[in-house]
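Please read this note with the model open beside you, and look up each residue as it is named.

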Amino acid sequence: MNFNILPDGTAKPKIRIVRNLIVFSLITVTAVLLFLSVHFLVQKYIVKGNSLTHLKSEWKAYNYQNVYTVSEEILKEKPFNNTALTYHGYAAFYLALSENDTTQSLAYYDEAITNIRLALQNARSRLVPQLEYMLGKAYFYKNSISAYHYYADLAVLYLNRAEKDGYKAEDIPEYLGLSYAALGMTMESISAFTKALLTRESDMLLLSIAEQYYNAGQAVAAEQYLFRISSGCKDEKITDKSHLLLGKIYTEQEKYEDAEKEFSTILEKNENSGDALYGLGVIYENKGDIIKARSYWRKALKVQANHPDSLKKLSEYK
């Protein structure tokens, strides 16, 4: 028999070494298999399954559809899980924003509102302001696409609560301004829009403030904000609205030549602007040329059937 001679003079058979190697290999294989099994279970039921860990990882990756689906499955088993309610509400909100179909978008907003309101019932105090902010935004956007605009007051309620409770977001004043405007609360709208200007100035904000000052009967103040709208503004809706409002102001101030320039500027880009054609008609009405005024109102109706202001004027001068 062959022996290994150790430094201390003792001998160890080779078979003992082989046996130890086999035992070590078996332990290693068992450990690897155990690790792989645990890893598989973690991946299946925690990282990729219907778990809060999976939910949060999908949220961090901005996968709103997956967040929506996973949170929905969690809520089937735990209907009042606050974390799942929150994520489901937020995911529904962002899916609504990206949805082109109005009906589906409204359904998502309704789902967002329902889940966020439920989450608010048992939310930790530090999360309440953010939930109020998101709820206010959901009501704002629902109001903007609904056939019946009954939600602006709720947008105002929750956005003000969020701000009062310490939530900081640059877009709150602008959302409040638009919501107050929808409610006909002109001075509150102006105040909110003016606050928004302190954070960032935009052509849309300037136009919104001008419109509110005009509604408040302060045409001169409106005019000043319209002058601040960038000459390089690329949004035609904003530029057209600013020219229309300036045209109205100049017409009321009997600056007919300036008013005509504003309406003509619109028609140079879009000859089918019913509002601009109507405005020209009003200029000639004020000048006493009813025949020419009527011709412009008829043109407005040709390019925009049932133009309400033109129909009203033509009915007055039958």
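1. Of the 318 residues in the chain, 40% are buried, where buried means under 20% relative accessible area, exposed means over 50%, and partly exposed lies in between, with a 1.4 Å probe and protein chains only. This is a predicted model, in which local features need pLDDT of at least 70 and side-chain atom pairs count only at pLDDT 80 or more, while totals for chains, interfaces and linings use all residues. Residues are numbered from 1 along each chain as its sequence is written, and side-chain values use heavy atoms, with hydrogens and water left out.

2. The chain has 16 helices and two strands; helices (H or I, at least four residues) and strands (E, at least two) are DSSP runs, numbered from the N terminus. The chain exposes about 18,900 Å², and carbon and sulfur atoms supply 54% of that area, as computed by the Shrake-Rupley method with a 1.4 Å probe, where for residues only the protein chains shown count as cover. When contacts in the chain between residues at least 6 apart in sequence are considered, 44% of them join residues at least 24 apart, a contact being heavy atoms within 4.5 Å.

3. Helix α4 (residues 82-98) and helix α6 (residues 128-145) have axes that come within 11 Å and cross at roughly 30°; axes are lines fitted to C-alpha atoms, for helices over the stretch in contact, and angles run from 0 to 180 degrees between N-to-C directions. The two helices are therefore roughly parallel to each other, since angles under 35 degrees count as roughly parallel, over 145 as roughly antiparallel, 65 to 115 as roughly perpendicular and the rest as oblique. Thr 86, Tyr 90, Phe 93, Tyr 94 and Leu 97 in α4 meet residues of α6 that include Met 134, Ala 138 and Tyr 141. Sorted by class, this contact of α4 with α6 has eight nonpolar, two polar and one charged residues, with Ala, Val, Leu, Ile, Met, Phe, Trp, Tyr, Cys and Pro counted as nonpolar, Asp, Glu, Lys and Arg as charged, and the others, Gly among them, as polar.

4. Leaving out residues up to four places away in sequence, Phe 93 touches Tyr 109, Ala 112, Met 134, Lys 137, Ala 138 and Tyr 141.

5. Helix α8 (residues 172-182) packs with helix α9 (residues 186-199) at an angle of about 160°, and their axes are 8 Å apart. That angle makes α8 roughly antiparallel to α9. The residues of this contact of α8 with α9 divide into eight nonpolar, two polar and three charged.

6. Which residues does Ser 208 contact, leaving aside its neighbours within four places in sequence? They are Leu 178 and Phe 193, and both of these also take part in the meeting of α8 with α9. Ser 208 itself is in helix α10 (residues 203-215), and it counts as buried because its relative accessibility is 4%.

7. Ala 219 is found in helix α11 (residues 219-227) and, with a relative accessible area of 18%, is buried. The C-alpha atoms of Ala 219 and Lys 248 are separated by 9.5 Å, although the two residues are 29 residues apart along the chain. Apart from neighbours within four places in sequence, Ala 219 is in contact with Tyr 213 and Ile 249.
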